[in-house]
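Please look over the sequence and the model shown here. The report that follows goes through the sheet, the core, the ligand shell and some single residues.

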Amino acid sequence: MGQILIFGASSTVALACAKIWARRGDEFILVARTRERLTPKIQGLRNSVLAEYFQDLGDCGENQALVDEIFLKYPRIDKVFIAHGYLGGQAESENTWQEAEKQICVNYMSVVSLLHPCADHLSARGKGQIAVLTSVAGQRGRPRNYTYGSAKGGLSIFLQGLRSRLWPRIAVTDLVLGPVDTPMTKDHRKNFSFATAESAALKIVSAVDRRVSRAFVPGYWRWVCLLVRLMPEAVFQRLKFLRD
Ligand SMILES: NC(=O)c1ccc[n+]([C@@H]2O[C@H](COP(=O)([O-])OP(=O)(O)OC[C@H]3O[C@@H](n4cnc5c(N)ncnc54)[C@H](OP(=O)(O)O)[C@@H]3O)[C@@H](O)[C@H]2O)c1
């Protein structure tokens, strides 16, 4: 039983994980963008929720103060789970800087602004774990989502550095998700590659339990991504189904 600080607590994947953790007796400090979005989704978790905070995490400059306030009040937090994210539209990000900035800000900068103070607080305590949701879109840039993907890919690199900085007392787990059927992908045509939030959550919780450095969710994405990363550019550009 422990205390888990969850950012992006109204996320479908985060809530599916929280349901599993709650059954095991864990307690939560939840951070979501708005009360309206969070309250209806956490009715079943009520007894496990110690506190709720509301903040637009895209206001990166405000995030350190929020983290400091939370750790001051809940110094026994032993896991930080960062789940918020914004897919947005690739074409829009190419046409307007505001959209590109939002994708980079929410998926990369806001997470960095949370990770530094969280890492400092856990370091001061000398133990703990940080787990972050990234994406297979961050493994190689493709026309359909390379603005979002580059932010997630940059985040994975950041997590590598943070992991080495905090090693071995604080584990940093990068959870690289394949497509999941959630509101984020509501407009996407569904195929065999889409996992449910519940099945993704089982794998995420297992990876967090094992304190692994990086887990692909589901696991077969490890091999797909290895192939996609290693493929020479000349071959990659000829394989339209992969390239696009
Ligand atoms: N679904 C997929 O196929 C997929 C694949 C790879 C990676 N991921 C990653 O998995 C994570 C969870 O996504 P999901 O599938 O659970 O989608 P989701 O249900 O749509 O959740 C997205 C969450 O991000 C929050 N959020 C977005 N912008 C925010 C901001 N500026 N400040 C605070 N919160 C913000 C949303 O808050 P509101 O409720 O207030 O909108 C929502 O809770 C994300 O990081 C996503 O990038 C998802």
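## The sheet

Seven strands form an open sheet in the order β3-β2-β1-β4-β5-β6-β7, with parallel pairing. Its edge strands are β3 (49-54) and β7 (214-217), each of which pairs on one side only. On average, neighbouring strands of this sheet are turned by 15° against each other, direction ignored. Here axes are lines fitted to C-alpha atoms, for helices over the stretch in contact, and angles run from 0 to 180 degrees between N-to-C directions. Two strands pair if DSSP finds at least two bridges between them. Helices (H or I, at least four residues) and strands (E, at least two) are DSSP runs, numbered from the N terminus.

This is a predicted model: local features need pLDDT of at least 70, side-chain atom pairs count only at pLDDT 80 or more, and totals for chains, interfaces and linings use all residues. Residues are numbered from 1 along each chain as its sequence is written.

Strand β1 (residues 3-7) pairs in the parallel sense with strand β4 (residues 79-82) over four bridges. Five bridges join β1 to strand β2 (residues 27-32), and these two strands also run parallel. Ile6 has a partner on each of these strands: its bridge partner in β4 is Phe81, and in β2 it stands opposite Leu30.

β5 and β6 pair in the parallel sense over eight bridges. In this pairing, Val132 stands opposite Asp174 in β6.

## Burial and the core

A residue is buried if 20 or more other C-beta atoms lie within 10 Å of its own, exposed if 12 or fewer, and partly exposed in between, with C-beta atoms placed from the backbone. By this count β1 is mostly covered, with four of its five residues buried. Strand β6 (residues 170-177) is also mostly covered, with eight of its eight residues buried. Ile170, Val172, Asp174 and Val176 point one way from β6, while Ala171, Thr173, Leu175 and Leu177 point the other way.

The largest nonpolar core has 62 residues, and Ile6 and Leu175 have the most contacts inside it. Such a core is a set of buried Ala, Val, Leu, Ile, Met, Phe, Trp, Tyr and Cys residues joined through C-beta atoms within 7 Å. Not counting residues up to four places away in sequence, Ile6 touches Ala14, Ala18, Phe28, Leu30, Val31, Phe81 and Ala83. Contact means that the C-beta atoms of two residues, placed from the backbone, lie within 7 Å. In soluble globular proteins, nonpolar side chains tend to be buried together.

## The shell around the ligand

Which residues come nearest to the ligand? Of the 25 residues around it, they are Ser11, Thr12, Arg33, Gly85 and Thr182. A residue is near a molecule if its C-beta atom, placed from the backbone, lies within 6 Å of it. α1 (12-23) and β5 (128-135) each supply at least two residues of the shell. The shell divides into 11 nonpolar, 11 polar and three charged residues. Ala, Val, Leu, Ile, Met, Phe, Trp, Tyr, Cys and Pro count as nonpolar, Asp, Glu, Lys and Arg as charged, and the others, Gly among them, as polar.

## Partly exposed residues

Gln64 is found in helix α3 (residues 63-73). It counts as partly exposed because it has 15 C-beta neighbours inside 10 Å. Leaving aside its neighbours within four places in sequence, Gln64 is in contact with Ser113 and Pro117.

Ser206 is found in helix α7 (residues 197-209), and it counts as partly exposed because it has 13 C-beta neighbours inside 10 Å. Thr196 is in the loop between β6 and α7. With 14 other C-beta atoms within 10 Å, Thr196 is partly exposed.

The table gives separations for these residues, with distances from C-alpha to C-alpha.

| Pair | Apart in sequence | Apart in space |
|---|---|---|
| Gln64 and Leu115 | 51 residues | 9.0 Å |
| Ser206 and Asp244 | 38 residues | 32 Å |
| Thr196 and Ser48 | 148 residues | 24 Å |

## Backbone exceptions

Most residues other than glycine have a negative phi, and most peptide bonds are trans. A cis peptide bond joins Trp167 and Pro168, with omega about 0°. Pro168 lies in the loop between α6 (146-166) and β6. The peptide bond from Val217 to Pro218 is cis as well, with omega near -10°. Pro218 lies in the loop between β7 and α8 (221-230).

Arg211 is not a glycine, yet has a positive phi of about 55°. Arg211 lies in the loop between α7 and β7, and is partly exposed, with 13 other C-beta atoms within 10 Å.
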